[in-house]
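These are my notes from going through one model, entry by entry.

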Amino acid sequence: MDILATIVTIAWLSGLCAFAGGLGARFSGRARTATQQELMHGIVAFGGGILVAAVAFALIPEGMEVLPPAGLAVAFLVGGGLFCVIDAYLERRGGNWAQFMALLMDFVPEAISLGAVFGHDRRLGTLLAAFIGLQNLPEGFNAFRDMRHLGMSSRRILLVLLAVSVLGPLAAVLGYLFLEDRPALTAAIMAFAGGGILYLVFQDIAPQSRMRNHWTPPLGAVMGFMIGMLGNVLVV
């Protein structure tokens with residue numbers, strides 16, 4: 001298969017995992033019992049743990065390796081600051097889009113990185129695609145539930161998540177064609193995304209994982225971070 005077709009295929013499949021996560025949320029129904037609510041909070045925490053792992057192992061290390069300290073700090077702080085402003089604006093409009101924004105901020109830069117590295121290391125690119133897909137499952141699940149709480153119909157949410165999956169191939173092709181020989185720009189994009197994700201995790205996602213008089217849901221964050229850690233070991 002042509003290398004560009006391969007990149008498009010694996011990036012799209014990794015993006016479809018967010019759609020699959022949304023389908024899982026669609027058919028899981030509402031959490032009525034305490035056990036079901038505990039499970040849902042655990043899934044939120046799991047997604048948060050994976051996001052923190054993505055920042056720690058996938059997004060920031062590239063910036064630390066390529067960018068000067070000042071450039072790394074500026075990109076990271078701009079990402080966090082911008083998403084603070086966006087989050088505050090959306091909150092005033094009466095909605096919490098943290099999970100969906102985190103999904104985009106995680107998926108798109110990593111897809112760009114996938115395309116950038118695939119040209120010179122297909123094995124690494126394929127493993128990265130699998131890692132991205134694994135991250136997208138709980139993120140799609142949580143994003144669906146957030147958007148459902150905002151009053152969106154299930155069909156519309158699934159169409160949005162399906163559209164998000166198309167961003168993966170576009171970002172990966174962009175990375176392959178234009179960023180393979182521009183590591184500093186790629187690293188800046190990833191550091192920017194890392195700052196935005198870290199803001200969203202601590203402002204919106206982690207607080208949702210807590211459940212009064214229940215102590216196990218935050219263990220989902222530990223599991224999510226472990227998955228991200230092991231994924232990084234396999235990718236490297």
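**Entry 1: α4 against α7**

I looked up how α4 and α7 lie to each other, and they are roughly antiparallel, because their axes cross at roughly 155 degrees and an angle over 145 counts as such. I note here that the model is a predicted one. Helix α4 covers residues 98–118 and helix α7 covers residues 183–209, and their axes come within 9 Å. I noted the hand as well: α4 passes α7 in a left-handed crossing.

I then listed who makes the contact. From α4 I found Ala98, Gln99, Met101, Ala102, Met105, Asp106, Pro109, Ile112 and Ser113. From α7 I found Ile189, Met190, Phe192, Ala193, Gly196, Ile197, Leu200, Asp204, Ile205 and Gln208. Sorted by class, the residues of this contact come to 13 nonpolar, 4 polar and 2 charged.

**Entry 2: α3 against α7**

Next I took α3 with α7. Helix α3 spans residues 69–92. The axes of α3 and α7 come within 7 Å and cross at roughly 45 degrees. The two helices are therefore oblique to each other. I recorded the crossing of α3 past α7 as right-handed.

On the α3 side, the residues that meet α7 are Leu72, Ala75, Phe76, Val78, Gly79, Gly80, Leu82, Phe83, Cys84 and Asp87. On the α7 side, I wrote down Ala188, Ala191, Phe192, Gly194, Gly195, Gly196, Leu198, Tyr199, Leu200, Gln203 and Asp204. The class count for the contact of α3 with α7 is 13 nonpolar, 6 polar and 2 charged residues.

Phe192, Gly196, Leu200 and Asp204 of α7 are named in the contact with α4, and these residues are named again in the contact with α3.

**Entry 3: Asp87**

Is Asp87 buried or exposed? Asp87 has a relative accessible area of 4%, so it counts as buried, the cut-off being under 20%. Its place is in α3.

Leaving aside neighbours within four places in sequence, I found Asp87 in contact with Met101, Tyr199, Gln203 and Asp204. Met101 is among the α4 residues that touch α7, while Tyr199, Gln203 and Asp204 are α7 residues that meet α3.

**Entry 4: α1 against α6**

I moved on to helix α1 (residues 3–28) and helix α6 (residues 154–179). Their axes are 8 Å apart and the packing angle is about 155 degrees. α1 and α6 are therefore roughly antiparallel to each other. The crossing of α1 and α6 is right-handed. The residues of their contact divide into 18 nonpolar, 5 polar and 1 charged.

**Entry 5: Ala172**

Ala172 sits in α6. I read its relative accessible area as 0%, so Ala172 is buried. Which residues does Ala172 contact, leaving aside its neighbours within four places in sequence? I found Ile7, Ala11, Ala111, Ile112, Leu114 and Gly115. Ile112 also belongs to the α4 side of the contact with α7. The C-alpha atoms of Ala172 and Gly115 are separated by 4.1 Å, the two residues being 57 apart along the chain.

**Entry 6: Phe144**

For helix α5 (residues 122–149) I looked at Phe144. Phe144 is buried, at a relative accessible area of 4%. Outside four places in sequence, its contacts are Gly22, Ala25, Arg26, Ser154, Ile157, Leu158 and Leu161. The C-alpha atom of Phe144 is 8.3 Å from that of Leu23, a residue 121 positions away along the chain.

**Entry 7: the whole chain**

The chain has 8 helices and 0 strands. Its radius of gyration is 17 Å, close to the 18 Å of the globule rule for 236 residues, so the chain is as compact as a globular protein of that length. The C-alpha atoms fill a box of roughly 50 × 40 × 35 Å along the principal axes. Of the 236 residues, 47% count as buried. Among contacts with a separation of 6 or more, 85% come from residues 24 or more positions apart.

Definitions and conventions. Residues numbered from 1 in each chain as written. Predicted model: local features only at pLDDT ≥ 70, side-chain atom pairs only at ≥ 80, totals over all residues. Heavy atoms only, no water. Axes fitted to C-alpha atoms, helices over the stretch in contact; angles between N-to-C directions. Helix = DSSP H or I, 4+ residues; strand = E, 2+ residues; numbered from the N terminus. Parallel < 35°, antiparallel > 145°, perpendicular 65-115°, else oblique. Left-handed = near helix turned anticlockwise from the far one by under 90°. Contact = heavy atoms within 4.5 Å. Nonpolar A, V, L, I, M, F, W, Y, C, P; charged D, E, K, R; others polar. Rg over C-alpha atoms; globule rule 2.2 N^0.38 Å. Buried < 20%, exposed > 50% of the residue type's maximum accessible area, 1.4 Å probe, protein only.
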